[in-house]
Amino acid sequence: MPDGPHSAYVAESTRLVYLTDTDGDGVADKRRVVLSGFGTEDTHHLIHTLRYGPDGCVYFNQSIYIHSHIETAYGTRHLDGGGIWRYRPETGRLEIVCKGFVNPWGHSFDAHGESFVTDGAYFEGINYAFPDSVFVTSPGATRWLKGLNPGSPKHCGLEILSGTHIPPTWSGNLVANDFRSHRVCRFDVEPNGSGYISRQQPEIITTQHVAFRPIDAKMGPDGALYIADWYNPIIQHGEVDFRDERRDRTHGRIWRVSFPDRELDPWPAFERLETPSLVKLLKDPSLSVRQFSRQELWQRCRSSAEEVEETVNQWVNEDPAERLLEKLWMSEVLEKPISENLAELIQAADPASRRTLLRSLWHQRQEMGEDAIPGLVQFMMKQTQHADARIRMEAVASLGQLDADQFPEAFDAVLEATSQAIDDNLDFAIWQSIRKLDQSFSAGSILEVLNWEGRSGQLGFAVTAIGTHQAAEVALKRLESGQLPAEQQNAMVQAVAIAGNADQLGRTFSKILKGNTENLSLAKLQPLLDRTSRDKTIPANISQTLQETLGDGKELNPQQRLTLAKIAGVWKVESSIPMLMAGIETSSGQDQQTIITALGSFDTPEVRQQLLSLTKSDKPSTRMAATRAVASRRPVAAIGPLCDLLEDELTREAAAQLAIEFVSKKGAAESLAGELRKRQVNADVARTMLRGVQSNGGNTELEQAIRVAGKLENASWQLTEELKQEVLAAAATKGSAERGEQIYRQSKLQCILCHAIGNAGGLVGPNLISVGGSSQPDYILESLLVPNAKLKEGYTTLTVLTDEGDVINGIVVGRNDESLRLRLADNKEVQIPTEFIEQEKPGKSLMPAGLMDTLTKSEMIDLVAFLSALGRTPDYTVSTEPIVRSIDTLIYTNEATRRLNRTSTDTAASDDPAMTWRPVTSLVSGKLPLNELDRFQQHRQTPPTSFVRLIVDMPASGTAEINLPTQGIEAWVNTKPTPAIDLKQIQLDAGKHTIVLGIDRNEVSENFSVRIGGDAR
């Protein structure tokens, strides 16, 4: 990064160095190591993206697989994983701005000094970064922020358009490169609450040329946009052979985007300008001109600081609202902090600049005298109640950096920010600052020294954020005091359930029951059950509390008995066994299955005998529940009953799902394999089992037994050279991407459940939005037929053996000292406490081998044609239009259709428990696939109708524009019937709104899109 005409900062492996050319020959003859100790674990993740900020600091990034430990005069700075650094050259002070990201290969400042970031290996589009923000993959993080464009492709480089050469409507737009899909993208970013919203606009450049790989974008001195093009048909590294002959190792291009009908921007001779003229350029339409003017002024400060300061101050006084921010930034460079009249200063500034003006003031505390800092802190604490959410968030983030031993009152000030409406960014900032302040308080938990009278909501928020046993104790004592109003007790229960230890959970359980059987309710106990499902923590003294409350349990009604079954099974309460055994005789249907499931948690002789007898019941549902219950503790004993279920036409599909779970039980898979060799299984059921076993980590012996039992041994596709050439040639010449998309969406392949295309679909596998643009067809075919051959970076699985003998296979989502989070093949996440992990080893792809075995050759050809077109051809590139791509559709059930028949279609838009929904994703075109929606017909004379549900998010009250066909469609907005024509422009309050559509399938026969516009998201 240049620092004037003869010097530059250079990232060099573990070091940031400063090079100077003193004799003007273009060759550096002085070299100074500025900082050292940056990680080098992965060479393309080294420190990068150097740029000057408008505050005079050097900013630079590092990527995910790096661990940096930097010695500075102010102490050691540590950053494990990705993030952004901030370095002050005048003082040598180094700080971390934010943490996270995978490959943050783009960072730009807007006119107000706000930071926007792109990630070349994640799908969030534009990201807004603020002090202490945390993003995906930050090691040890339990929570992180989302980007502004969820599901957007990976982007490399970032530039903000400015100047007079570009069209005025483009000014302030952000430009980033979708290098996988051969596009230069443009985003319109606007303030919203405490953050921003981003809407993608039509691309600046798009092509089907397979080698166009835009990786950086910069505004030139003439006002045109310059694009660096890596130019290479092959871009992957780990999963693609480095010796692939198609790699281009010699070419590269730079493109210039200009507007011939508009004059080019002038470029000033900064070094020759008088200081007053240079200062005026700080408000030039070009952000580049502004920044070069600042840097020239910084150079002059070294020899004539007073002249520069006086000139800047005079210029600012002419228009304080527009120019105050420049004064603050210059005071940082001059190391002359401003500590007086802060309220007037903020009030005088343009509202759009106030947040970064506050940020600059806070940075300057480091150079203030000790007497001035308390005044700044007091001022900042008042800002947490400001009407502007942007100022509240900046104040909250700033106060979180204090030492609570010195400023314990900052904690209350941060919590006060919850008294007004909070959005995601502000919520995160409050959560983060609360945690950091509590950690810096040396005398136990800071919650213990504060007054919580009438503040149960804030206390619950604080306990949940801090997440320690000490914090939970404060909430629990208030719950146990008996002085909390009933409406405030739930907040304390929720908080203790999240942060408490086993003893505290047990005391909470006792407090909920209060010796009264009427309180035995799942609604009241659910927070405690959810905690156990997350990390296996079981409340203490459960048996004693139940005994004191229930006695022999004879007075329990059916609903209470079901609640007892639920908690007894989850918490393994052996004293409840007699009550559960008695409940089997007096219950039936789903209630009986719940009790049987609970008994599966125990392994006493009487329970064994009862469950084994139930596996021979004449009711298929009872046999199924009993077999599952036996398998939960004694999987080998369940193998015989399970195989009987697999051979029964009524139960074989459900039994197949249970068989899949056997792979996660140590030793059970081998026993099941032995039994299956003696049996015959329906071929489709065998395929289901095979796919599931492979997705759960695989077991060679069991997989082979399933193939034999289902007679699948000879149905497997083998990737021979002949097959590869035939399929690839046919895919390129006669393959149909349209037919291929329908094959991709087949439920038997489960592609949509695992992979997203843009922001619609699963998260288990890589997002396929630009797979055709980034991968060659032969690699696509290989990944289908041999998924374990080359695993995509970031999607390597981990197989974990727990102390209870469970084998869990998934993708690592997060890890800290306490627990490991995995995403499983069904998209669910599990959290495994570290103390329960016996062994870990690298796993296989979650995409099972043999998944394509059910396809014909022509279907495989069409599927390859479809995947090869994704992100490469216009018809199969996800558009930038604001189209709804994920919806829910009402599931056809007997109970749902009965309810609709007896009431009206309004019931479909209600919260009636009979109405159940499943997710459906749009086609790549954005159109809803009508053929995949369930149909309902109330009466013989009424038309068949499908119901879909979508969410409209209003950042603020305003007008939503929901564009869709109006003929043949009923609509409900938040359960209220609304003419579909009114959705084209409808006034909605801030927040999320549920829109339900009833589609007359006789009148609406063509797939259609739903577009969201106006003030809605």
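This is a predicted model: local features need pLDDT of at least 70, side-chain atom pairs count only at pLDDT 80 or more; totals for chains, interfaces and linings use all residues.

Me: How should I describe two packed helices, and at what angle do H11 and H12 pack?

Reply: In general, two packed helices are described by the angle between their axes and the distance between the axes. Here helix H11, residues 469-480, packs on helix H12, residues 486-499, at an angle of about 155°, and their axes lie 9 Å apart. Because angles over 145 degrees count as roughly antiparallel, H11 is roughly antiparallel to H12. The crossing of H11 and H12 is left-handed.

Me: Which residues of H11 and H12 make the contact?

Reply: From H11 come His 469, Ala 472, Ala 475, Leu 476 and Leu 479, while H12 contributes Gln 489, Met 492, Val 493, Val 496 and Ala 499. When the residues of this contact between H11 and H12 are sorted by class, 8 are nonpolar and 2 are polar, with no charged residues.

Me: How do H8 and H9 cross, and how far apart are their axes?

Reply: The axes of helix H8 (residues 409-416) and helix H9 (residues 424-440) cross at roughly 165° and come within 10 Å, and the two helices are therefore roughly antiparallel to each other. The crossing in which H8 passes H9 is left-handed. On the H8 side the contact involves Ala 410, Phe 411, Val 414 and Leu 415, which meet Ile 430, Ser 433, Ile 434 and Leu 437 of H9. By class, the contact of H8 with H9 has 7 nonpolar residues, 1 polar residue and no charged ones.

Me: Which residues of H8 are buried, and what covers them?

Reply: The buried residues in H8 are Ala 410, Phe 411, Ala 413, Val 414 and Leu 415. Their cover includes H9, together with helix H6 (373-383), helix H7 (389-399) and helix H10 (456-466).

Me: Where is Ala 111 found, and which residues does it touch?

Reply: Ala 111 is found in the loop between E10 and strand E11 (115-118), and with a relative accessible area of 30% it is partly exposed. Not counting residues up to four places away in sequence, Ala 111 touches Leu 287, Arg 290 and Trp 329. The C-alpha atoms of Ala 111 and Leu 287 are separated by 6.8 Å, although the two residues are 176 residues apart along the chain.

Me: What can be said of Glu 970 in the same terms?

Reply: Glu 970 belongs to strand E32, residues 969-973, and counts as partly exposed at 38% relative accessibility. Leaving aside its neighbours within four places in sequence, Glu 970 is in contact with Thr 905, Val 996, Leu 997 and Gly 998. Its C-alpha atom and that of Val 920, 50 residues away along the chain, are separated by 19 Å.

Key:
Residues are numbered from 1 along each chain as its sequence is written. Side-chain values use heavy atoms; hydrogens and water are left out. Helices (H or I, at least four residues) and strands (E, at least two) are DSSP runs, numbered from the N terminus. Buried means under 20% relative accessible area, exposed over 50%, partly exposed in between (1.4 Å probe, protein chains only). Contact means heavy atoms within 4.5 Å. Axes are lines fitted to C-alpha atoms, for helices over the stretch in contact, and angles run from 0 to 180 degrees between N-to-C directions. Angles under 35 degrees count as roughly parallel, over 145 as roughly antiparallel, 65 to 115 as roughly perpendicular and the rest as oblique. A crossing is left-handed if the near helix is turned anticlockwise from the far one by less than a right angle, and right-handed if clockwise. Ala, Val, Leu, Ile, Met, Phe, Trp, Tyr, Cys and Pro count as nonpolar, Asp, Glu, Lys and Arg as charged, and the others, Gly among them, as polar.
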